[in-house]
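Here is a short briefing for someone meeting this structure for the first time. Look at the sequence and the model, then read on.

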Amino acid sequence: MLKKISKIGVLTSGGDAPGMNAAIRSVVRTCAYHEVECVGIYRGFEGLIEADFKSLSARAVNNIIHTGGTMLKSARCQDFRTEEGQQKAYNNLKKEGIEALVIIGGDGSFNGGLVFNKAFNFPVIGIPGTIDNDIFGTNFTLGFDTAINTVVEVIDKIRDTASSHKRLFFVEVMGRDVGHIALNAGVGAGAEEILIPEEDLGLERLLESLRRSKKSGKSSSIVVVAEGDKIGKNVFELKDYVEANMEEYEVRVSVLGHMQRGGSPSCFDRVLASRMGVKAVETLLEGKSNYMVGILDNKITLTPLEKAVKGKSEINKELLRVSDIMTT
Ligand code: F6P
């Protein structure tokens with residue numbers, strides 16, 4: 001029996017990710033399906049503090065499933081770290097009659113939800129939305145699949161010019177302090193080397209690997225570098241270092257940056273978002289809260305929010321081995 005909550009709020013917080021709009025759409029449509037009002041909260045926790053609310057009907061989320069970014073906008077909000085800010089937010093929710101909150105974001109956003117739940121015993125549910133795929137309790141976060149496809153597409157283009165000019169390219173990708181984007185997109189794009197924070201390759205082994213590639217007849221190379229990599233040099237310093245130690249290579253750098261956060265979400269991300277939105281709303285209606293919705297072995301699951309925030313997402317060791325073998 002689904003508990004009769006009559007009004008649910010939804011917000012997006014932290015770095016935006018493709019698929020967030022599909023998740024908003026699913027939350028709104030599931031609320032409408034259960035005859036529950038859904039209120040959009042703009043600009044994340046900032047909008048919560050400023051009562052920047054708008055009721056969203058099933059029609060209000062027409063034609064957004066295929067769009068990147070977030071129609072509710074997002075923000076990183078310092079005020080929400082203060083008791084005064086949290087109290088203001090709580091008062092606004094009560095005044096608006098919102099009885100539960102769906103937070104679409106990363107672990108930082110879930111931390112905010114947790115604090116809020118503890119302070120006011122207010123029901124919250126998290127939907128993991130970040131391109132980094134760095135959240136415990138789910139195989140995939142919204143936006144990750146789209147981001148790695150974007151990166152592969154760009155590296156394929158870089159490979160054209162690298163092979164035309166017999167050049168080595170260092171391509172820096174996002175991921176904050178994890179290497180999931182670098183590893184998956186690196187394997188998918190056939191990179192000769194992949195540098196990730198979870199593995200300390202070291203400068204000497206990088207040179208050995210590049211020399212081996214060269215000796216085996218490769219005239220150009222792509223090295224994908226996760227922005228959080230700990231080799232001790234940024235991509236521009238790596239360029240100088242390799243040029244100084246491998247005269248045979250002309251080296252160039254491409255830092256992909258925020259393009260990885262944009263673009264139309266992949267079908268995978270749209271479907272995942274739709275599944276997660278339904279689970280989030282129906283979990284609240286069942287009277288449960290303080291969970292993060294996730295996908296594990298293609299099943300939609302619930303992980304206690306505390307565990308999702310505290311847990312660590314591990315690098316895929318089998319894929320790491322595949323990437324090593326592929327550089328033969
Ligand atoms: O968390 C998503 C992410 O894109 C990270 O990969 C990146 O390091 C960070 O956000 C960039 O943050 P900002 O958009 O504030 O520059």
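**Salt bridges and the domain interface**

E37 is partly exposed, at 31% relative accessible area; partly exposed is the range between buried (under 20%) and exposed (over 50%), with a 1.4 Å probe and protein chains only. This is a predicted model: local features need pLDDT of at least 70, side-chain atom pairs count only at pLDDT 80 or more, and totals for chains, interfaces and linings use all residues. Residues are numbered from 1 along each chain as its sequence is written, and side-chain values use heavy atoms, with hydrogens and water left out.

**Salt bridges along the chain**

- Side chains of opposite charge can pair when their charged atoms come close.
- The rule counts 16 salt bridges, each a side-chain nitrogen of Lys or Arg within 4 Å of a carboxyl oxygen of Asp or Glu.
- E37 pairs with K7 in one of them, with the closest N and O atoms 3.7 Å apart.
- That pair links distant parts of the chain: E37 is in strand β2 (residues 37-41) and K7 is in strand β1 (residues 7-12), 30 residues apart.
- Strands are DSSP runs of E with at least two residues, helices are runs of H or I with at least four, and both are numbered from the N terminus.
- K7 is buried, at 15% relative accessibility.
- E250 and R167 also form a salt bridge, at 3.2 Å from N to O.
- Here E250 sits in strand β9 (residues 250-255) and R167 in strand β6, 83 residues apart.
- E250 is partly exposed at 34% relative accessibility, whereas R167 is buried at 15%.
- R43, E46, E50 and D52 belong to one network, joined by salt bridges that share partners.

**Two domains**

- The domain assignment gives domain 1 (7-143 + 265-310) and domain 2 (144-261); such bounds come from an automatic or database assignment.
- The centres of the two domains, taken over C-alpha atoms, are 34 Å apart.
- In domain 1, 18 residues are in contact with twelve residues of domain 2, where contact means heavy atoms within 4.5 Å.
- Domain 1 and domain 2 bury about 1200 Å² between them, 50% of it on carbon and sulfur atoms.
- Buried area is the accessible area (1.4 Å probe) that two parts lose on being put together, summed over both.

**Links across the interface**

- Two salt bridges cross between domain 1 and domain 2.
- The side chains of R176 and D132 meet in a salt bridge, at 3.9 Å from N to O.
- R176 lies in the loop between β6 (167-173) and α6 (180-188) and D132 in the loop between β5 (124-128) and α5, so the pair ties together parts 44 residues apart in sequence.
- R176 is partly exposed at 49% relative accessibility, but D132 is buried at 9%.

**Helix α5**

- T146 lies in helix α5 and is buried, at 4% relative accessibility.
- A polar atom of the T146 side chain lies 2.8 Å from the backbone nitrogen of S266.
- Beyond its neighbours within four places in sequence, T146 is in contact with residues including P18, G262 and D269.
- D156 is also found in helix α5 (residues 144-164), where D156 is partly exposed at 39%.

Methods:
Polar contact = N/O pair within 3.5 Å; in protein donor to acceptor, adjacent residues only side chain to side chain.
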